[in-house]
Amino acid sequence: MNTCCDLLSEDFKIVDFSFALPYTYVLIEGEKGRSLGVAMSLVEDVVDYDVSFKEVSVYEFLKGLESFNIIERCLGFATINAISQYHMREIENVDVFEEMKVEGVERVAVVGNIKPLVAKLRKDFDVVVFERNPKLRCDALSDCFEYELLPKFDAVFVSGTALVNGTLDFVVERARNAKFKVLIGPTAQIHPKLVKGLTHLASMRVVDIDRALMGLKLGSWKIFESACEKYTIRV
């Protein structure tokens, strides 16, 4: 909580926001400029389209971090990601895949069927994928098997959506034997001081905010991706 307060020491203004597809986004502005944070919009988990926010403000949106309303949670994590990215202006990029090879990793679990990641990992490792959404469960196991199987892996990659759906702590605990615990994806933009039990964060920094916003408003992953640069850092 103290770390969160440190990150909020500046008076941020929300310039733009939306619960959109595929990502919810929040654009903030502070003394050093603007920062854009995103969070995967888990539309399959939306059961109530009403929200309790009383105003458009950083502090109001951050209440969504503890909400069980998916819209509020997505806006909450997009907000904390925007603040995190605002403070993460200098990072030391690492190659987690090479580190895994050096450490002799063999079995890798991927929580969330991120197909490009799975394809890359399968070139060098034995990979098992877990997926909650039945529509995305191609060549993947149901996430109900995570409790039994996660302790058996040398490395675990977890989709950043685990932040939004509240399963990250569970996955980290069950993956206690893994040498590498990597939170990955655009939703993993969170500041490393705000997470526990992970070894790496692999996400995307928005370098062209206007182009990224255009992609998000059009629902275009390709346009959004072209406005970002990927990074991986140690926690």
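Predicted model: local features only at pLDDT ≥ 70, side-chain atom pairs only at ≥ 80, totals over all residues.
Residues are numbered from 1 along each chain as its sequence is written, and side-chain values use heavy atoms, with hydrogens and water left out. Local features need pLDDT of at least 70 and side-chain atom pairs count only at pLDDT 80 or more, whereas totals for chains, interfaces and linings use all residues.

E146 lies in helix α6, residues 146-149 (helices are DSSP runs of H or I with at least four residues, strands runs of E with at least two, numbered from the N terminus). E146 is buried (under 20% relative accessible area; exposed is over 50%, partly exposed in between; 1.4 Å probe, protein chains only). E146 has no salt bridge (a side-chain nitrogen of Lys or Arg within 4 Å of a carboxyl oxygen of Asp or Glu). The nearest side chain of opposite charge, R132, is 6.3 Å away (Lys and Arg count as positive, Asp and Glu as negative; His and the chain ends are not counted). Beyond four places in sequence, E146 is in contact with V111, F130, P151, F170, V171 and R174 (heavy atoms within 4.5 Å).

I71 sits in helix α3, residues 70-87. I71 is buried, at 8% relative accessible area. Residues up to four places away aside, I71 touches F19, V46, D48, Y49 and V51. The C-alpha atoms of I71 and L42 are 8.2 Å apart, across 29 residues in sequence.

Two loops carry backbone features. L21 and P22 are joined by a cis peptide bond, with omega about 0°. P22 falls in the loop between β1 (13-18) and β2 (23-30). D139 occupies the loop between β5 (126-131) and β6 (141-142). Its phi is positive, about 60°, although D139 is not a glycine. D139 is exposed, with a relative accessible area of 64%.
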